[in-house]
Amino acid sequence: MPRNAKMQRLLRRSVFVLVILLINAIGLSDGMPRDNEQPDVAVVPALDLAAMPESAVPIARAATASRSATSIRFPYTPQSEYLPTHTNYWEGRDGASIDYIVIHYTDISYARTLRAFNIRASDVSAHYVIRGDGHIAQIVHEADTAWHAGNVWYNRHSIGIELELDHITNPVFTDEQYYAAAALVCAISAREGVPLDRGHVIGHNEVPGSTHTDPGPTWDWPHFMWLTSLCAPPTSATVHASFVSETPYPTIGADDKALVSVVLRNTGSTAWRKGTEQEARLGIPGNSRDLSFLGDAWPTPERPAVQQEDIVPPGGTATFSFGVKGALPGTYILPLRGVVDGAAWMDDLGMYTVVTVR
């Protein structure tokens, strides 16, 4: 073979070997990372877990989608999926009243919990199960008796709520679970009249004779009870206020206007929430309209003002501002009292303002 031909052939082989080495170096030969490498993007199975029935989801499944990735508005209305057990409950409550709400944790996954509640041999159930992402499943009607407390009397007199807590599927209580549980407890309270305090909302470990420790030391009771105060149904037992301050009594001319502001503290156990059934207003006792001619853009003739703040939790303060205008000369005493319409008048604090029209 001529020398030039040998040189060209050797050069081509060298180039080919170099190309092979480069391909291997950048990993294009099979498109997969080596054993000691991690892919740039996590590879996930092409499965839509949300569209699958719970029984088809593997026990060691990936964490369910979290609503915390979006904006969570609390309080919200809990929407339960009804997945009834046909074995593990008693119909009715044998005439017993519902006086307690009992909080549990599952110690197994949500999927395994649902299966256990449908196996007669497990001898256990609850009215509700809350998954790690806040999804609520209802297993037993509230009018029926679930087997959750380990105490027949408490089973008859309570509603049981299980929260998924499992070292694989949901190792810690999530914000979504706290929000869902609080909203659910508030709804139960509104339906059944269970007081929202620690004497009536209890842990499984607080049931007399219980050998259980759930919901355990990682369950934040103060935070949870604070959340329930944000959605607690307003009643005469939960709506209270104390006086903080008031602007000076106005003196105005016949064609003048003035602004009056009153500050009240929420001393009850339910939040005041603007634009809802929990909205606090400043009203005229007895719903009298006798002095409505003094009103300047009052919401109604007997309601001079509504709270300015969107939400006023227990212990917080609310400002109520309203306008008055001069009409007929004279001195007028305008009595005032806090109220949550449809629930209760607040404490009679003897409040009033004096409007002098010159």
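At 4% relative accessibility, Cys186 counts as buried, where buried means under 20% relative accessible area, exposed over 50% and partly exposed in between, with a 1.4 Å probe and protein chains only. Cys231 is buried as well, with a relative accessible area of 11%. This is a predicted model, in which local features need pLDDT of at least 70 and side-chain atom pairs count only at pLDDT 80 or more, while totals for chains, interfaces and linings use all residues. Residues are numbered from 1 along each chain as its sequence is written, and side-chain values use heavy atoms, with hydrogens and water left out.

**The disulfide**

- The count comes to one disulfide, the term standing for a pair of cysteine sulfur atoms within 2.5 Å.
- Cys186 and Cys231 form this disulfide, with their sulfur atoms 2.1 Å apart, and the link is right-handed, with 80° about the S-S bond.
- Because Cys186 lies in helix H4 and Cys231 in helix H5, the pair ties together parts that are 45 residues apart in sequence; helices (H or I, at least four residues) and strands (E, at least two) are DSSP runs, numbered from the N terminus.

**Helix H4**

- H4 has 18 residues and reaches 25 Å from its first C-alpha to its last, close to the 26 Å expected at 1.5 Å a residue, the expected span being 1.5 Å times one less than the number of residues.
- The buried residues of H4, among them Tyr178, Leu184, Cys186 and Ile188, pack against E3, E4, strand E5 (136-138), E7, strand E8 (201-203) and H5.
- Gly193, whose phi is positive, near 75°, follows H4.

**The nonpolar cores**

- A nonpolar core is a set of buried Ala, Val, Leu, Ile, Met, Phe, Trp, Tyr and Cys residues joined through side-chain atoms within 4.5 Å.
- The largest such core has 33 residues, and those with the most contacts inside it are Ile103, Ile130, Ile161, Val201, Trp219 and Phe224.
- Two or more residues of this core come from each of strand E3 (100-105), strand E4 (128-130), strand E7 (158-163), helix H4 (175-192) and helix H5 (221-231), and H4 gives the most, with nine residues.
- A second, separate core of 28 residues includes Ile252, Leu291, Trp298 and Phe320.

**The chain as a whole**

- The secondary structure of the protein chain comes to five helices and 20 strands, and buried residues make up 42% of its 358 residues.
- Of the contacts in the chain with a separation of 6 or more, 72% are between residues 24 or more positions apart, a contact meaning heavy atoms within 4.5 Å.
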